Amino acid sequence: MSERTLHKAVCDYIRLNYPHALFNSDLSGATKLTLGQAVALKSLRSGRGFPDLTIYEPSKTGKYSALFIELKQDGTNLYTKSGHHATPHIKEQSEIIEQLNQRGYYADFGVGLDACIKIIEQYFNIL
């Protein structure tokens, strides 16, 4: 499943199971942008590596006010065998995820549809 297809599947899952949920999915990382579009997009953000999906709903316990998921295709390795980030871009994404968590949000990588659904379910039902 391509990252674009994964985005669609996750969004469809949220719409079906949590119809009240406000969310936004950013496909810019999975879409070919022209140089001009990439430059314009960069100027509208504080930096690189922001997660692909944001759910603007509080967790059941109220501990978190939003959920951020960086969507990755099934089989994506986040780390090398030696424990380092697999790519510089994954390192950037990991740093942003850590900053979001430090600010009181819940953020994580979701590798494949099943992992993304598990994160969403845990967020709405447990966290």
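Predicted model: local features only at pLDDT ≥ 70, side-chain atom pairs only at ≥ 80, totals over all residues.
Residues are numbered from 1 along each chain as its sequence is written, and side-chain values use heavy atoms, with hydrogens and water left out. Local features need pLDDT of at least 70 and side-chain atom pairs count only at pLDDT 80 or more, while totals for chains, interfaces and linings use all residues.

Let's start inside. The largest nonpolar core has 19 residues; by that I mean buried Ala, Val, Leu, Ile, Met, Phe, Trp, Tyr and Cys joined through side-chain atoms within 4.5 Å. Buried is under 20% relative accessible area, exposed over 50%, partly exposed in between, with a 1.4 Å probe and protein chains only. Among those with the most contacts inside this core are Val 10, Leu 53 and Ile 120. Two or more residues come from each of α1 (3–17), β2 (53–55), β3 (67–72) and α4 (113–125). These are DSSP runs numbered from the N terminus: helices are H or I, at least four residues, and strands are E, at least two.

Then there's a second, separate core of nine residues, including Leu 78 and Phe 109.

Now the strands. β3 and β4 (residues 106–111) run parallel, joined by six bridges; DSSP has to find at least two for strands to pair. Leu 71 has Gly 110 as its bridge partner in β4.

Finally, Gln 93 sits in helix α3. What does Gln 93 touch, leaving out residues up to four places away in sequence? Gly 49, Glu 70, Lys 72 and Phe 109, where contact means heavy atoms within 4.5 Å. Gln 93 is buried, at 4% relative accessible area.
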